[in-house]
Amino acid sequence: MKQQQTFRGFMFIILMLILLMLALRFPYARQAQTVTAQEFEQILGSGNVAEAVISPNPQTPSGYVTVTLANGQTVRQNVSDVKDAEQLLKDNSIDYSMEDVPQENTLLTVVMPFMLSIVVVVVIVTMMNRGAAGGGSNARMMNFGRSRAKLSRDSKVNFTNVAGLEEEKEELEEVVDFLKNPQKYTSVGARIPKGMLLVGPPGTGKTLLAKAVAGEAHVPFYSLSGSDFVEMFVGVGASRVRDLFKNATENAPCIIFIDEIDAIGRSRDSRMGGNDEREQTLNQLLSEMDGFDSSKGLLVLGATNRPEILDPALLRPGRFDRRVIVDKPDLKGRVNILKVHSKDVRLDETVDFEEIALATSGAVGADLANMMNEAAINAVKNGRQAVSQKDLFEAVELVLVGKEKKDRILSKEERRIVSYHEVGHALVTALQKDAEPVQKITIVPRTMGALGYVMQVPEEEKYLNTKKELEAMLVVSLAGRAAEELVFDTVTTGAANDIEQATRIARAMVTQYGMSDKVGLIHYGSDDDEVFIGRDLAHTKGYADQTAALIDGEVKNIIDESYAKAKELLQEHMNVLHRCAQLLIEKEKIGREEFESLFGENA
């Protein structure tokens with residue numbers, strides 16, 4: 001309340017100064033009626049003029065004449081030249097006076113603006129200092145060059161909270177040991193790495209690992225994002241880097257964690273002009289990492305999912321000495337992650353984490369945590385006291401393909417087309433031994449745009465795909481389009497994603513995996529290779545147009561052969577296709593057991 005009253009007082013002072021300036025700028029003038037030139041001449045010739053005053057403009061020959069009549073009325077006439085006005089008054093035998101040209105008002109033009117500026121600055125500084133004392137948002141405005149790192153002195157996260165990253169934890173354990181017992185290593189002459197770069201896709205647990213290292217070592221933990229260094233003012237980022245390392249050195253041993261370090265560590269290049277602020281920040285970071293003494297127990301951890309764009313100077317030994325690859329978890333890792341996130345979740349006897357882990361191949365830790373939470377929410381919505389396997393599978397679908405969009409009503413014909421399309425995928429999957437088994441078929445639209453989908457669950461974790469398995473994927477991808485053509489003698493736009501997926505697989509077979517006899521064992525790159533403009537502006541394909549035509553031809557041949565095979569398989573089992581599609585239209589969802597029994601009866 002006291003601060004608010006002070007602020008109001010300052011505002012009152014500013015308002016009074018502004019009013020004073022306006023009063024000086026626009027002094028009180030007598031009210032005068034402005035008349036036309038013809039009326040003015042008539043007034044001068046009437047003989048009723050008691051007083052005339054000429055007011056010249058100091059910058060131009062113009063001005064105005066103010067005439068006071070015998071009855072006290074005042075009129076005014078603007079004139080382009082005051083000399084003509086003088087002559088006009090003389091011609092009418094009227095005495096007049098010349099108003100003095102006003103001199104420059106020093107108080108108005110110099111002193112008052114200066115005083116007003118001083119008062120405004122004092123008000124702003126006072127309010128910011130008060131905000132800084134109170135820890136409010138104004139404190140940040142006064143501390144542009146101060147580090148924005150969050151300091152945690154007692155991290156409650158340790159390696160027991162990290163699952164699915166066993167190799168990564170082993171690699172970081174020696175760093176923890178060094179932070180706990182630095183003399184054991186320095187006595188032999190060893191030194192702790194100055195920096196370690198955690199590299200991996202989003203959601204794999206890079207930040208969690210960094211916090212776990214600090215928690216295990218029981219040392220202070222400074223955490224911030226790379227974007228926290230960058231401001232529109234050149235030099236602010238470098239100042240924040242200096243302040244960060246100064247504070248960290250004073251609190252050593254400790255850990256500095258910079259998330260999304262590519263925001264400031266992007267490769268420098270002068271061809272495109274560069275970014276002065278970001279490059280100065282990076283230069284200061286490089287200098288600080290060279291300058292600090294690692295024997296004191298200061299460790300810099302960086303995290304990024306784009307290591308290819310980082311500046312080489314940042315990655316050389318002596319700065320980020322090690323690179324820890326934090327990859328997507330394998331089957332065992334996903335099972336352990338699900339167990340960690342289910343510690344506080346009540347589960348019933350039907351839950352099988354192994355089956356869920358198989359169904360979530362490629363999911364990262366963040367995805368699995370979200371799935372477990374969605375399963376718990378689903379159980380509560382359905383009035384159950386514990387999470388079941390059904391809840392978990394519904395959560396997997398929710399995360400992967402979105403929520404059921406029950407308000408999207410398909411027409412009867414569209415339901416038939418979508419049903420045959422999805423059953424086409426499922427049937428061809430079941431007919432090929434190299435394809436993954438079907439878990440579920442549905443034609444309920446989802447929020448991510450799918451009008452229906454087939455859920456497949458692999459029987460085991462796989463790290464390699466054979467050529468036959470890739471060919472089976474192609475046939476399955478195109479089977480929905482093939483079913484539409486065979487049954488309805490036309491095609492729809494529903495196969496757009498299937499065609500995109502098939503094209504991506506076929507092109508990878510030709511350009512990356514060497515699975516084309518005509519093209520051979522040569523790597524030609526992929527269409528989605530990232531071009532970093534600061535490093536590779538003149539990016540080209542690296543091969544001739546004839547080769548590009550050959551690649552396109554091979555991709556088309558592979559897709560055409562896969563599509564023909566899909567049509568052939570469906571034609572041989574049209575009775576199963578019709579029965580399954582009819583059942584799907586009626587029930588909207590078909591489970592694995594029901595589909596396999598139906599397929600077995602009609603195969």
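User: Which residues are linked with Asp 290 in a network of salt bridges?

Analyst: This is a predicted model, and the network in it is made of salt bridges. The residues linked with Asp 290 in the network are Arg 316 and Arg 319.

User: How many residues apart in sequence are the parts that Asp 290 and Arg 319 tie together?

Analyst: Asp 290 lies in helix H11, whereas Arg 319 is in the loop between helix H12 (312-315) and S11. The pair therefore ties together parts of the chain whose separation in sequence is 29 residues.

User: Is Arg 319 buried or exposed?

Analyst: A residue counts as buried when its relative accessible area is under 20%. Arg 319 has a relative accessible area of 9%, so Arg 319 is buried.

User: How many salt bridges does a search of the whole structure find?

Analyst: Side chains of opposite charge can pair when their charged atoms come close. Over the whole structure, the search finds 16.

User: How many residues apart are Arg 322 and Glu 174?

Analyst: Arg 322 is in strand S11 (residues 320-325) and Glu 174 is in helix H6 (residues 166-180). The pair links distant parts of the chain, and the separation is 148 residues.

User: What do Arg 322 and Glu 174 count as in terms of accessibility?

Analyst: Arg 322 has 27% relative accessibility, so Arg 322 counts as partly exposed. Glu 174 has 37% relative accessibility, so Glu 174 also counts as partly exposed.

User: In which helix do Asp 560 and Lys 556 both lie?

Analyst: The side chains of Asp 560 and Lys 556 meet in a salt bridge of 2.8 Å, N to O. The two residues are four residues apart, about one turn of the helix. An α-helix has 3.6 residues a turn, so residues three or four places apart point the same way. The helix that holds both is H20 (residues 545-572).

User: Is Lys 556 buried or exposed?

Analyst: The cut-off for exposed is a relative accessible area over 50%. Asp 560, at 36%, is partly exposed. Lys 556 has 52%, and therefore Lys 556 is exposed.

User: How far does helix H9 reach from its first C-alpha to its last?

Analyst: Helix H9 covers residues 236-250, which is 15 residues. At 1.5 Å a residue, the expected span is 21 Å. The reach in the model is close to that, at 21 Å.

User: What covers the buried residues of H9?

Analyst: The buried residues of H9 include Val 236, Val 241, Leu 244 and Phe 245. Arg 240 and Asp 243 are also among them. The cover includes strand S8 (221-225), strand S9 (254-259), helix H11 (276-291) and strand S10 (298-304).

User: Which residues is Gln 284 in contact with, leaving aside its neighbours within four places in sequence?

Analyst: Gln 284 lies in helix H11. At 15% relative accessibility, Gln 284 counts as buried. A polar contact of 3.2 Å joins its side chain to that of Arg 242. The residues in contact with Gln 284 are Ala 238, Val 241 and Arg 242.

User: How many of the six residues of S9 are buried?

Analyst: Strand S9 runs parallel to S8, joined by five bridges, and parallel to S10, also joined by five bridges. Ser 223 has Phe 257 in S9 as its bridge partner, and Cys 254 stands opposite Leu 298 in S10. S9 is largely enclosed by the rest of the structure because its buried residues number five.

User: Which strands are the edge strands of the open sheet of three strands?

Analyst: The order in this sheet is S13-S12-S14, with antiparallel pairing. Each edge strand pairs on one side only. The edge strands are S13 (453-456) and S14 (589-591).

User: Which residue in S13 stands opposite Thr 442?

Analyst: Strand S12 (residues 438-442) pairs with S13 in the antiparallel sense, over four bridges. The residue opposite Thr 442 is Tyr 453.

Methods:
Residues numbered from 1 in each chain as written. Predicted model: local features only at pLDDT ≥ 70, side-chain atom pairs only at ≥ 80, totals over all residues. Heavy atoms only, no water. Expected span 1.5 Å × (residues − 1). Buried < 20%, exposed > 50% of the residue type's maximum accessible area, 1.4 Å probe, protein only. Contact = heavy atoms within 4.5 Å. Pairing = 2+ DSSP bridges. Polar contact = N/O pair within 3.5 Å; in protein donor to acceptor, adjacent residues only side chain to side chain. Salt bridge = Lys/Arg side-chain N within 4 Å of Asp/Glu carboxyl O.
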